[in-house]
There are 4 protein chains.
Amino acid sequence: MHVGLIGLGNMGAGLARNLMKGGHELTVWNRSPGPVEALVAEGATRAEKPADAFQTDVTLSMLSQDEAIEEVVVASGALDAAKAGCVHVNLSTVSVAFADRMAALHGEKGVGYVAAPVLGRPDAAAAGKLNVLAAGAADSLAKARPLLELFAAKVWEFGEKPSRANVVKLAVNFSLASMIETLGEAGSLAEAYGIGRADLYELMTNTLFSAPAYKTYGALIEDGTFEPAGFKMTLGLKDVRLALAAGEAQRTPLPIASVLRDGFIEAIAAGDGEKDWSGLAGGAFRRAGRPLG
Amino acid sequence: MHVGLIGLGNMGAGLARNLMKGGHELTVWNRSPGPVEALVAEGATRAEKPADAFQTDVTLSMLSQDEAIEEVVVASGALDAAKAGCVHVNLSTVSVAFADRMAALHGEKGVGYVAAPVLGRPDAAAAGKLNVLAAGAADSLAKARPLLELFAAKVWEFGEKPSRANVVKLAVNFSLASMIETLGEAGSLAEAYGIGRADLYELMTNTLFSAPAYKTYGALIEDGTFEPAGFKMTLGLKDVRLALAAGEAQRTPLPIASVLRDGFIEAIAAGDGEKDWSGLAGGAFRRAGRPLG
Amino acid sequence: MHVGLIGLGNMGAGLARNLMKGGHELTVWNRSPGPVEALVAEGATRAEKPADAFQTDVTLSMLSQDEAIEEVVVASGALDAAKAGCVHVNLSTVSVAFADRMAALHGEKGVGYVAAPVLGRPDAAAAGKLNVLAAGAADSLAKARPLLELFAAKVWEFGEKPSRANVVKLAVNFSLASMIETLGEAGSLAEAYGIGRADLYELMTNTLFSAPAYKTYGALIEDGTFEPAGFKMTLGLKDVRLALAAGEAQRTPLPIASVLRDGFIEAIAAGDGEKDWSGLAGGAFRRAGRPLG
Amino acid sequence: MHVGLIGLGNMGAGLARNLMKGGHELTVWNRSPGPVEALVAEGATRAEKPADAFQTDVTLSMLSQDEAIEEVVVASGALDAAKAGCVHVNLSTVSVAFADRMAALHGEKGVGYVAAPVLGRPDAAAAGKLNVLAAGAADSLAKARPLLELFAAKVWEFGEKPSRANVVKLAVNFSLASMIETLGEAGSLAEAYGIGRADLYELMTNTLFSAPAYKTYGALIEDGTFEPAGFKMTLGLKDVRLALAAGEAQRTPLPIASVLRDGFIEAIAAGDGEKDWSGLAGGAFRRAGRPLG
């Protein structure tokens, strides 16, 4: 299949290699040229402009936020110029409202639209071990799915309305942020009584909370430097804000998400905006007069 | 060894049988006679009063809260009458301030004191699979430990100050309550967009959150009846209140715990006080105008 | 002076009459024709389209939200067609980001821009007793001020950057919403112990809290029907959301505003979206199992 | 009448002088002797022990908290030794549960019990301008009232159950703390956009919020030093904690109070425990990275 890929950030190279390894012809576009050149050397074709990456059977995009997609996919004219029958698979974490607008707009233009946000960090993308949350019209999804499986541990389908995959992604990221804050508060309470947070997390992650998320983030909070960022604090704030907006649009209060939002803003005000979002946990220690690190 | 056991609630029978299976002579006391008779039929000795259960080498107690321990162990005169060299192992979840007072009082009376709250439900007690959080003076702990291992998957030690084990227990129960509320909010957000909470939880518990706590409580929230109670809402409120009090005593704010406390109170006001504490999650659905069950 | 007025909602008629009473020639535009006809009968001129109302020395607009202004003032072409030297005075409560965009856009078009949101209900507009919060370039503000004084108890100036007046308006409305919720919680606590909320409010509004806001809203909460709406719940949610967004843009957490936002959403989910925003206070009673009304 | 007065803190001297000015014979007790001597020089009689102050017709007490009253009035034997027919008027801000226990205990001992917490600072006590919140059995209240009027702007009665006056006091102090935090957040939002908090407060206290509480606390937050303390941060935390406990006892969630409690703890952890409770407002500035003072 001829596949386009737009956005070669820290996930993009891994996705690209898995797509090529799967035998597909790949055309790539990225704002900065560096990542493109590396992939061209491995056999990919350079797209001069976003529209070139839409002259394909399926185009995947992985961009940071709504505004970037608006600019690169829509305002650039790429969508208008898409090859007939092309399906656009949007891997980005976007707002629910934006996902709905995109779905409608693609419909008007006759381009298929699949939302397929992913769970996992860059190493999982490279290893083909992402969990992909996918939703879209059945035919579009059927066309996209074999590609998604090239980098997925599993593809989880959530129906025909694309934005539903985005809702699920926001619900999961909200749950992660809540876990981070909770580990911070629980660890701060323990340390107030002379128990090292590492001892608490060891107990938790070997008993009731023996899940990958607790192990990964428990270790990051134990370390306490929150650098380098795997996922930046500002992006954590964005995702919680999007979860709150999605809740508000359907009149669903999310009081824990409100506390998390305030905590992210406070962490950014404290100068930690470029650190890993696990640094949210640092607030619980700072507010008790025992800052980490 | 001659062992006393005070408090034969829904955990007590399992503990007792494991102690007897370990070859120990057991003297049991309980406020209501039913559970005592069952164990006497299996070889235990009935204590006529709490003091009788303290004429032993080690006495374990498992009572519901501070006030019950104050009454049964202290006001009854049992502690004053304890056999020389006796070690009291308090398995209950108590406040940190009470644990400190108990440790001091036992010291005055020359009775050893070990705090050993447990993680796990009655079936784990019966199966000998509890996680026991233990703290106390080294000699007392050494004497108690072989008994604890009879019903423990693992004994986790947290130092010489007994109340530290209670802090850890409160930190873990706070983390569980936070997880329950978070699952509720995430599930309510999903359902606002037509995604069943079961589908969200299936994704979560098979990927990032594949831990026993998420599986157990995810299933309870899917079910949505919250009956019968494995651990009552009112006890959940108590434990979060104790975590907040422990935080306040050491000037450690716990904003998530504050939200949980309000949620428990609201659930109890809604008539769910006798239901399982996983019913806390129901608030997220009720507040969005989509009550469960 | 020739004055334009756009938006004749429940405040507009009072504003218009005060402007005409001040001796100004008035051209009015409104989406629905009813309010226009009433004013034409009193001597105003009907604008056929928004642009007609910008063929004036000063144009005041009072519209419900960002989107309405975008549509009526910008997308309609009115701003592009404004008479040279015209000053646009925006009385609406808008987002800070939108106010900044509007100021920039007016600058590009050579039209003066003054932000002048008001404090007060329709009766105060009619009586010329509004408090007007004004900010804008000195010359524009000087031109607008005599008009504002026709319906103001006082004009409060906040400098040259228009959006600053909007920030002040949001801060005041946030403070009102906080007062409403606080009166609700305090009243619910009192009633939990058999003290009527009216008795509590009588004490408060005759002692420490003897301010117009407490008297007005205390009476609304005592009444407990929250109908008809003087200011709708959905607009209360909007203003708190805008305050939170303004805070986030400058990394300023507002934890009380977060609680208020959740409360408004919950009230709307409970079916109270069209009621007065003082109905926010009803949540404190509902959550305690003692709903009002 | 022969009147006893126990507790000569910063309110006590003003109360004592007003009682003597009213023509009553006064017997005073205080833990430290300094304040006693000053009043003896003005004609009061020194009580050697608390019981001496209960050999009167009415005894007023003004102590800092539950524990102090327990010790001075009950454990000291004073209540047991009270003169027949004596009425004890407790002016302190105590917990609702404690007030109920005290009422029951006084009933057993045959001593009248009136709860009469006050609103106002020491200067109001000296000027006879306190607002007194009173509740108790009709005959006891009738006997106490003329004394209360000697230092009251007004005596507000809340029925026969003494603890109801304490509930009202807690509701009012909660409302004050909420106002302080709200002024802090609103001021921090304004300053994020270059508007001085003083300018915001000037607007507020001259329009919608023209109440004594807003003027007093607005000025304290403008000043920003929060020293010396008129009412200490630790006491503010205590009162909010008591409001939360009173709410919990009647299943009434108070989410704003929860936020305030966390804010007080954070302020104390930041070293402000001995400052005035208006320093709670400082948190809103500190969390935004713009600490006051």
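This is a predicted model: local features need pLDDT of at least 70, side-chain atom pairs count only at pLDDT 80 or more; totals for chains, interfaces and linings use all residues.
**Entry: chains A and C.** I superposed chain A on chain C and got a rotation of 180 degrees, with 0.0 Å of shift along the axis and an RMSD of 0.0 Å. The two copies are therefore related as by a two-fold rotation axis. I then looked for the C-alpha of chain A nearest that axis and found it in A:Ser258, at 2.9 Å. I also compared the contact residues: 100% of those of chain A recur in chain C, so the same surface serves both copies.

**Entry: annotated domain.** I checked the UniProt record, an unreviewed entry, which annotates residues 165-280 of chain A as "domain: 3-hydroxyisobutyrate dehydrogenase-like NAD-binding". Over that range I read 73% helix and 0% strand, with the end C-alpha atoms 25 Å apart.

**Entry: helix α11(A).** I took residues 233-249 of chain A next, a helix of 17 residues. From first C-alpha to last it reaches 24 Å, close to the 24 Å expected at 1.5 Å a residue. Is this helix enclosed or open? I found 12 of the 17 residues of α11(A) buried, so the helix is largely enclosed by the rest of the structure.

**Entry: after the helix.** I noted that A:Arg251, which follows α11(A), has a positive phi, near 55 degrees.

Technical notes. Residues are numbered from 1 along each chain as its sequence is written. Chains are lettered from A and ligands numbered from 1 in the order in which they are written. Side-chain values use heavy atoms; hydrogens and water are left out. Copies are superposed by least squares on the C-alpha atoms of residues with pLDDT of at least 70 in both. Contact means heavy atoms within 4.5 Å. UniProt positions are given in the numbering used here, feature names are shortened, and annotations may be inferred rather than shown by experiment. Helices (H or I, at least four residues) and strands (E, at least two) are DSSP runs, numbered from the N terminus. The expected span of a helix is 1.5 Å times one less than its number of residues. Buried means under 20% relative accessible area, exposed over 50%, partly exposed in between (1.4 Å probe, protein chains only).
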